[in-house]
Amino acid sequence: MAKQGNIQIASENMMPIIKKWLYSDKDIFLREIVANGVDAITKFKKLVDMGEAAASEGEYCVKISIDKKAKTLTVEDNGIGMTEEEVEKYITQIAFSGAADFLSKYEKAGGEGIIGHFGLGFYSAYMVSENIEIFTRSYREDAKGVHWESDGESTYTIEECDRSERGTKIVMHIVKEEKEFLEEGTIRGLVEKYCAFMPYNIYLNFTGKDDKALNNTSPLYLKNPKDCTEEEYKEFYRNTFHDYHEPLFWIHLNMDYPFRLKGILYFPKVKSKVELERGKVKLYCNQVFIADNIKEVIPEYLLLLNGVIDCPDIPLNVSRSFLQNDRQVQKISKHITKKVADKLTALYKNDREKYEKCWSDLSVFVKLGCLKDEEFYTRVKDIVIFKDLAGAYKNLEEFAGRKADADAPEAAKQEPEKEGGEKADPVTVYYASDEVGQAQYISMFKKAGLNAIVCDSFIDPHYISYIEFKESGKYKFLRIDADIDAALKEGGESEDTSALTEAFKKALKNTTIAVKAERFKNESVPAVINVSELSRRFGEMNAFYGLAGADADRDMTIVLNTANPVVAAFTGLSDEKKDFVANQIYYLAMLSYKKLAPEEMEAFSDNSVQLLKNYIG
Ligand code: ADP
Ligand code: MG
């Protein structure tokens, strides 16, 4: 029969691994040691609640102190403490967690709030210490003080000592190379980062007079959303993100099922793409900071927000810096997406006015979310709204007059079908991307009783393409300067305009631009520039990727308005006048399309001065 045996781990081999490899970041040792103190207090309080220990006077807290001369960093708590036996069991047995032991012993007290789990945290302090001492006394009445000491190689000493107070004091003798951990500023920064929301007060260099805790023991996100005021949300935002611009809007997540998760996501005001990348979502587990921007838990587009999320059920690995169990993490992430979509929808339905007010800032996040996450798109597509030329906000269905009757049976909401089962033609949606620059087109549209939506953020071109693709064939987007809509033209007989366009082309001496003529309803404008939607988008795309062909104007057309008196008189002019007039019409049209090139601008102003001279005679 085969022999059986236990695999032996020699601790002198384990220690270098823990010190060097387990943690990605040295800083976290302070989080681990302070968290142990916090756990010790939580455990003691549970015992008091169960009547197994007598309540004590005085504040439950963790005190950190620095002794530069002795080169020590000390963390002291007034929690449960340890007996000699417990120190030997919990501290010296690596990977044997007293937390897990406590939980199994006191199952009925519940495990809420206990941070420890893996039984490795304590040893992280050896990343920065050459020697660590523990002074501790258990809560038990007959307990004696215990002093433990080890250099973290493989041996330790343990003896009885005088200690009158309940609780544990960890004295870390900091190695020379890590002396920054003896600086008050460094420690303050670390507590702010990792321990900001831990549940008991944490003091640095406690004096007993007017001490202020470094942490906020009851962060707002733990409160019931019903009990939070607007001012509290704003204050929490300021204190947590040090951003003095007010957030626009926030979502308070608070759920217990299917997992526990609490948090607040803030939508900041953003003006540019660069600002967008400043977002930060801090992930906590039982009020202990884990990391910023963990993209596995928080959907990518939500990382653009500022927020805190506390999820006690997050499956962390032993170093508490990485995640394990992808399925669980994915579920959490999906749930966050759903909650965010639900909250936005509720705002849209219940407070449309506020929704519209915030929309211009919200929209970037929502649209990015749609582009990145199909499920999110499906949930929010109907609450994506656009401003029209009259300044009213509508969703696409409302704008395109396709609004499905919400109460109609599902079948009736289907795409209207043409006879023969063909799909209906797409609805053309005109959009303006620059209300100032495209003012002339906009005014022509308005005069003709046409409407368009305003799509002026950097994300809109992408969003528009996405909808055309996603809603295959339902909508076709055309920029307001892409084509002269039939409604802008005068109906009736089509004129023969070839003489006009030929003459104009010859006079303009510009070989890259096509010339067309139409009779507009509106006679005031001599000509407009059109660039086909397709080639403009192609140019924009190339520009986006920094490719050649970014010049979108290769496919440009100048459309002359035969209703305009100057255009009508054009063919009858002398050659010299034709040159002058053609160029002036071209510059005017170009001006309302985009900026003129410097040499064009110069020629335009020379021409204009000439005109003024003639005018005054
Ligand atoms: P974990 O916290 O994951 O259990 P640690 O290595 O951080 O692992 O700590 C091991 C054990 O040592 C703890 O579970 C606890 O039983 C004991 N311990 C550590 N620090 C303290 C403390 N300040 N007070 C009481 N017990 C402590
Ligand atoms: Mg621990």
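Modeller: Helices (H or I, at least four residues) and strands (E, at least two) are DSSP runs, numbered from the N terminus. The chain has 18 helices and 20 strands. This is a predicted model, where local features need pLDDT of at least 70 and side-chain atom pairs count only at pLDDT 80 or more, while totals for chains, interfaces and linings use all residues. Residues are numbered from 1 along each chain as its sequence is written, and side-chain values use heavy atoms, with hydrogens and water left out.

Biologist: Why is E160 called exposed?

Modeller: Exposed means over 50% relative accessible area, buried under 20%, and partly exposed in between (1.4 Å probe, protein chains only). E160 has a relative accessible area of 55%, so E160 is exposed. E160 lies in strand β5, residues 156-161.

Biologist: Why does F538 count as partly exposed?

Modeller: The relative accessibility of F538 is 44%, therefore F538 counts as partly exposed. F538 is placed in helix α15, residues 533-544.

Biologist: What makes a patch of negative charge on the surface?

Modeller: E84, E85, E88, E160 and D162 gather there. Patch residues have over 30% relative accessible area and no salt bridge; like charges are joined within 9 Å, and nonpolar side chains (Val, Leu, Ile, Met, Phe, Trp, Tyr) within 5 Å. A salt bridge is a side-chain nitrogen of Lys or Arg within 4 Å of a carboxyl oxygen of Asp or Glu. Asp and Glu count as negative.

Biologist: Which helix gives the most to the negative patch?

Modeller: Helix α3, residues 84-91, with three residues.

Note on methods
Chains are lettered from A and ligands numbered from 1 in the order in which they are written. Accessible areas come from the Shrake-Rupley method with a 1.4 Å probe; for residues, only the protein chains shown count as cover. The place of a charge is taken as NZ of Lys, CZ of Arg, CG of Asp or CD of Glu.
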